[in-house]
Amino acid sequence: MSGTDLAAAAAGAALHENRSPGGEKQQTAPPQGLARAAGVTAGLTAAGSVLGLFRDQTVAHLFGAGAQSDAFLVAWTVPEVAATVLIEDAMALVMVPAFSGVLARGGDVRALVRATLPRLLTLLGALTAALAIGAPWVVRVLAPGLADPADAVTCTRLTAVTVLTFGLAGYLSAALRAHRRFLAPAAIYVAYNAGIVAALFALHSSLGVRAAAAGVAVGGALMVAVQLPAAVRELRGRTRTAHPTATAAVPAPGPYAAPAPRPLPEPLRAALLAPVLIFTLGRQAQVLVERFFAAPLPAGAISHLNYAQKVAQVPMVASLMVCTVTFPVVSGAMAAGDRRAARRRVERDLTLACAVVLLGAAYVVACAPRIVQLLFQRGEFGAADTAATATVMRVYALGLLGQTMVGALVRPYFSAARPTWYPAAAMGAGLMVTAAVDALAVHAWGACGIAAGNAAGISVAAALMLRGLGAHTVAVRVRAMAPRTARALAAAIAATAAGWAMAAAVTDPFAAAVACALVVPAVFAAMAAATHHAVRATRTRRDAETRTPMPRETEARP
């Protein structure tokens, strides 16, 4: 449940709010309001990410990287998947347009709530009960080689509550965003992580690792609590009042007005949503595959993978922020039929995102042992855990470019009028590569082999999505982008070497992390500038030679 995914959901919500159910383009909110909402969302998302890091540090400090932490992380799969489906993607894609459509028509929002919320709560309650009852079988499927599954079963039963609470939180977020209320939805992960941390400190001595799972249940309830007052106010105070921008966007019906568009049948709505849902689940399934193969390994392997992935993904999160902000721009250009503008925007986003993630990957690879030592090595998390986690982190970093490309490329795919199945198919192919590499490499290289499978699978998915982009949405100029990405890659290699040497020379973890944070970007920028000037000089010289007229050969006179 990364900050990037949350921001992407917010951007997707904003996109849908600018269109009526029939697809007519509506007037957008004022730029000042959007900028203010974006600033609040970014600030609270950053606060939630910091609390999430502190949560991981607390779990590592209290339980280390062993059987207990592995048991919790198996149960942690439930809220990871629930957040992706019920908060960040599917719920937003379904309910934001529904609420926005009612507001645009000046209809009764409470009628929509009465028609949808009881059914949703019934379904989510049944799924929660089924998951709690079937927890032993769920653990057996997720981690068949776990030595002692008792703690994992108990933790899974506690985290099963998030199916209900996350679903209700996602529903409230959709309603508030449709009303242009972004503060409470942006605060949900602050409340969630605060609940987990509080439960850990209050209950770990009596409940052990089950305190973390209890904290997940408490955090899910806090997600609902932080939004409920604002949602109740909106539903009471603006039941029949359309949003000002929506009202301005819908002209009064005249004698020659086109008939109102008929709503799509339920099967067709599900068919349009299915590609997005399957892609999201396919990307999330990488974690399930990793934990499946890591379960038979010695205790601590799942924890090493989890901590390494959490830290290694930070550069990817940073690189995709620009794509999140420009997602509505790409969507608007696609809707207007301006494929040239959409192509230029996608090319700029891809180039910048690749440069940012390569810089971050250079820092992670160079300084991995010192980063892990600084963040996690205390309490039950020892030096051996630091070494194992740092090695896995370096392998994970090999797939960061692929992770960023997948996150950036999926946006133009799903900006089309009708979502295509191609990203889901590409993600499925990448998932099969991940499973195959994991199966082949886990016996020889353990957790590092599993991380290599992740890097290989996501890189294959990224290559397939880049290859198919032109046929399904926008044809980017790969040959024009390749030299810039190659220069960034060369700069990243040089920066990694310099940072590696610096991290090896400085023994204090904090000093080493700070020194690498200065050296790696400096070398990266210097190398990128040098290669850029060299390429530019070569191109200038070649152009000059092309423009210079060749001397004519004089014929010899008899």
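**Entry 1: a surface residue**

I started with Leu518, which lies in helix 23. The model I am reading is a predicted one. Is Leu518 buried or exposed? Leu518 has a relative accessible area of 59%. The cut-off for exposed is over 50%, so Leu518 counts as exposed.

Leu518 belongs to a nonpolar patch with Leu374, Phe510 and Val514. I noted an area of about 370 Å² for this patch. Which helix gives the most to the patch? I found that helix 23, residues 509-547, does, with three residues.

An α-helix has 3.6 residues a turn, so residues three or four places apart point the same way.

**Entry 2: the whole chain**

I stepped back to see the overall make-up. The protein chain has 23 helices and zero strands. I read a length of 558 residues, and 50% of them are buried.

Then I checked the contacts. I took those with a separation of 6 or more, and 83% of them join residues 24 or more positions apart. The chain exposes about 25,300 Å². Carbon and sulfur atoms supply 67% of that area.

**Entry 3: helix 4**

I picked helix 4, residues 77-88, to check its length.

I then asked how many residues of helix 4 are buried. The count is eleven of the twelve, so the rest of the structure largely encloses this helix. Among the buried ones I listed Thr77, Val78, Pro79 and Glu80. Further along helix 4, Leu86, Ile87 and Glu88 are buried too.

**Entry 4: Glu347**

I moved to helix 17, residues 339-376, and found Glu347 there. Its relative accessible area is 6%. Buried means under 20%, so Glu347 is buried.

What does the side chain of Glu347 make a polar contact with? I traced it to the side chain of Arg477, at 2.7 Å. Leaving out residues up to four places away in sequence, Glu347 touches Val476, Arg477 and Met481.

**Entry 5: Gln286**

I looked up Gln286 in helix 14, residues 266-294. Gln286 is buried, with a relative accessible area of 4%.

Which residues does Gln286 contact, leaving aside its neighbours within four places in sequence? I wrote down Gln403, Met427, Leu431 and Thr434. The list also holds Asn454, Gly457 and Ile458.

I turned to Ala463, in helix 21, residues 447-472. At 46% relative accessibility, Ala463 counts as partly exposed. Ala426 is 37 residues away from Ala463 along the chain. I found their C-alpha atoms separated by 8.7 Å.

I ended with Pro229, in helix 12, residues 210-237. Pro229 has 43% relative accessibility, so I put it down as partly exposed. How far are the C-alpha atoms of Pro229 and Ala184 separated? I noted 9.3 Å, for two residues 45 apart along the chain.

Note on methods. Residues are numbered from 1 along each chain as its sequence is written. This is a predicted model: local features need pLDDT of at least 70, side-chain atom pairs count only at pLDDT 80 or more; totals for chains, interfaces and linings use all residues. Side-chain values use heavy atoms; hydrogens and water are left out. Patches are made of residues with over 30% relative accessible area and no salt bridge: like charges are joined within 9 Å, nonpolar side chains (Val, Leu, Ile, Met, Phe, Trp, Tyr) within 5 Å. Accessible areas come from the Shrake-Rupley method with a 1.4 Å probe; for residues, only the protein chains shown count as cover. A salt bridge is a side-chain nitrogen of Lys or Arg within 4 Å of a carboxyl oxygen of Asp or Glu. Helices (H or I, at least four residues) and strands (E, at least two) are DSSP runs, numbered from the N terminus. Buried means under 20% relative accessible area, exposed over 50%, partly exposed in between (1.4 Å probe, protein chains only). The expected span of a helix is 1.5 Å times one less than its number of residues. Contact means heavy atoms within 4.5 Å. A polar contact is a pair of N or O atoms within 3.5 Å; within protein, one must be able to donate a hydrogen and the other to accept it, and residues adjacent in sequence count only if both atoms are side-chain atoms.
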